[in-house]
Amino acid sequence: MGNSIPTYIADWHDYVKREPKKHSKDIKKLKKLIEKLLKSKKVWYDPVDVEAFMDFCRLVKHREGRWAGQPLELSIEQKYIAACIFGFKMMDEEIGVVVRYFRELVLFVARKWGKSTFISAIADFLLMADNEPAAQVWCLATMKTQAAIVYENAKAFLQSSKVLTPQDNPKKHWKTKRDKDNTEMLLFPRTNSFMKAGSKNSENQDGLNPHAYIIDELHAIKNRNTYDVFSSAQGARTQPLGVIISTFGFVREGIFDSILKRCMDVLDGKSKERIFPMIFRIDDGDDPADPSCWIKANPGIPEGRPTMSYLKGEYQKALQDPAQLPSFLAKHLNRAAGTSITYFDLAKVDRCSTDMNLSLIQDRYAVGGVDLAETTDLCCATAIVPLDGKLHVFQKYFIARQRIEQNSKADKMAYESFVKTAAKDPLNKELLHICDGAMVKKSDVTAWFLELATTYQVTFWKIGYDRWHGGDWVDDMEMNGFPKEDQNERGVTFPIATGAKSLSTPMKETRVLFEDKIIQFSRHNGLFRWCVTNTAAKIDANNGIQPDKSKSRARIDGYMSFLLAYIAYKKVIDLFEEYQS
């Protein structure tokens, strides 16, 4: 190549050099890798396929958003990617044919960049303009509906072009048909080629011989077999291409991390794999709260892909609800985010502590909740009394006598100090009950509810418990006047599934209730304060949350018990509004 640098590559490299603060270390490493490749004696740059791809993009039009109806005009970074994957060539000595140097494009970029649009154009080009006989182009994802996004975009591009889909003969160049599995295929008869959307079930496809595969949202694919099957099935192709595109995810259980490691090995010069790794993400030292670094993960910001105002709005949502923060980091900044975060703010919880008195519970209606998960450790029962727009929380904690010393050291909590507190009301004065033996006696838990019902004339409408840990305790409660719910929901005790589906909304609501000082608990109930602020929220891909005991800082039994009681409250909230003012 001498000193000549191809235009599309020079434009991007000049931009990276001119605006270093807008580009991550990974992008700067890739720049050096390409500069080294331009000096190679065995690899050279040929602009023919690059310009063919650029011309192909001008034939098709956007179908959605503010660019609808306009020809597809590639951005500076998209032109760079196309130049690198289609332009660098080498001689394959084994078969005596000139082929593409890069066999795999790995593109990690944040949301709203236009990835589906870009890779759909690549898919069409590989199908129709790559001169590969009987090419198979597969659009893949963990779910076929996700894979169909790229496929449908690719078809829409062809439909938008007067050249590729002439009005007088729309099937002149391409057509669709149903495959044996009733899935639509896009056919290009001139080379007997097809494009198809698939998922993990496509691994067993008869005659699988992909010329190209496109994997969308790699982070969501947990079974690496999909990738392994399609990448290894390309052996008979002259110049196959794998295209992998994704945002980051949460803790990845599948192939994402292994692909990322291979990319980093290439960027660090530890591997000679023919991967083109373009990774847009903020650097480890960047502050996610600083918008100036967001462009590192969002190279399309200058063209409004996405707009800065959109990103700032998403960040504000994350500040208002910490459960959204891992998603913001992973999807908008491409920073790896764990699935658990500390969920409650100590200062806001402390504002809810107050002095309690028996008038708040004597002769009142209430709901309850019990966390019996670890009877060898700390156990908690909760009563919530809704009154005057507040939720008054009364609790009883239980710990086994033979375990108290060991647990106090392990948990770094002086449990015995809560056997007798300085509270004036008797319920918070005797906050912790020590059970004889090595385990918490479930009958002692029953006795507390019975005491509230008989001594303080509390009427419990509902008492919730973890459905996996009710057991004989529920029977004991029933024998003492707290019947189990029947199929018509008549009764008091009822099971609750402790997953995100059941707990997510109530948990988010309790956080707001702490912020609004709706929850009221005794200032002497340090165990509740401790358990609440220990609680970590485990977040799933849909931003559903649940308490995560394994990632919480210490015991969360007091919060879990309260949460189950709150779910019981929501179940009969209308009754409180009618009968307890």
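Ser161 sits in the loop that runs between α6 (144-160) and β6 (175-178), where helices (H or I, at least four residues) and strands (E, at least two) are DSSP runs numbered from the N terminus. Its relative accessible area is 2%, so Ser161 is buried; buried means under 20% relative accessible area, exposed over 50%, and partly exposed in between (1.4 Å probe, protein chains only). This is a predicted model, in which local features need pLDDT of at least 70 and side-chain atom pairs count only at pLDDT 80 or more, while totals for chains, interfaces and linings use all residues. Residues are numbered from 1 along each chain as its sequence is written, and side-chain values use heavy atoms, with hydrogens and water left out.

**More on Ser161**

- A polar atom of the Ser161 side chain lies 3.3 Å from the backbone nitrogen of Val163. For reference, a polar contact is a pair of N or O atoms within 3.5 Å; within protein, one must be able to donate a hydrogen and the other to accept it, and residues adjacent in sequence count only if both atoms are side-chain atoms.
- Set aside the neighbours within four places in sequence, and Ser161 is in contact with Leu59 and Val60 (contact means heavy atoms within 4.5 Å).

**The whole protein**

- The protein has 19 helices and 22 strands.
- Its C-alpha atoms fill a box of roughly 90 × 50 × 45 Å, taken along the principal axes.
- Out of 581 residues, 55% count as buried.
- Take the contacts between residues at least 6 apart in sequence: 71% of them join residues at least 24 apart.

**Helix α4 and its two partners**

- Two packed helices are described by the angle between their axes and the distance between the axes. Here, axes are lines fitted to C-alpha atoms, for helices over the stretch in contact, and angles run from 0 to 180 degrees between N-to-C directions.
- Helix α3 (residues 47-59) and helix α4 (residues 76-87) have axes that come within 8 Å and cross at roughly 135°.
- That pair is therefore oblique: angles under 35 degrees count as roughly parallel, over 145 as roughly antiparallel, 65 to 115 as roughly perpendicular and the rest as oblique.
- The crossing of α3 past α4 is right-handed. A crossing is left-handed if the near helix is turned anticlockwise from the far one by less than a right angle, and right-handed if clockwise.
- On the α3 side, Asp49, Val50, Phe53 and Met54 meet Lys79, Ala82, Ala83, Phe86 and Gly87 of α4.
- Sorted by class, this contact has 6 nonpolar, 1 polar and 2 charged residues. Ala, Val, Leu, Ile, Met, Phe, Trp, Tyr, Cys and Pro count as nonpolar, Asp, Glu, Lys and Arg as charged, and the others, Gly among them, as polar.
- Helix α1 (residues 7-18) also has an axis that comes within 8 Å of that of α4, and the two cross at roughly 130°.
- That angle makes α1 oblique to α4, and α1 passes α4 in a left-handed crossing.
- Tyr8, Ile9, Asp11, Trp12, His13 and Tyr15 of α1 meet Ile76, Glu77, Lys79, Tyr80, Ala83 and Cys84 of α4.
- By class, the α1 contact with α4 comes to 8 nonpolar, 1 polar and 3 charged residues.

- Most residues other than glycine have a negative phi, and most peptide bonds are trans.
- Asn334 is not a glycine, yet has a positive phi of about 55°.
- You'll find Asn334 in the loop between α10 (325-332) and β12 (340-342), and at 0% relative accessibility Asn334 counts as buried.
- Asp388 has a positive phi too, near 55°. Asp388 lies in the loop between β15 (379-387) and β16 (390-400), and with 64% relative accessibility Asp388 counts as exposed.
- Arg305 and Pro306 are joined by a cis peptide bond, with omega about 0°. Pro306 has its place in the loop between β11 (275-279) and α9 (308-320).

- Ile399 is in strand β16 and is buried, with a relative accessible area of 0%.
- Beyond its neighbours within four places in sequence, Ile399 is in contact with Asp377, Ile404, Asn407, Tyr415, Leu432, His433, Ile434, Cys435 and Val440.
- C-alpha to C-alpha, Ile399 and Lys196 are 60 Å apart in space, and they are 203 residues apart in sequence.
- In helix α17 (residues 526-534), 7 of the 9 residues are buried, so the helix is largely enclosed by the rest of the structure.
- The buried residues of α17 are Leu527, Phe528, Trp530, Cys531, Val532, Thr533 and Asn534.
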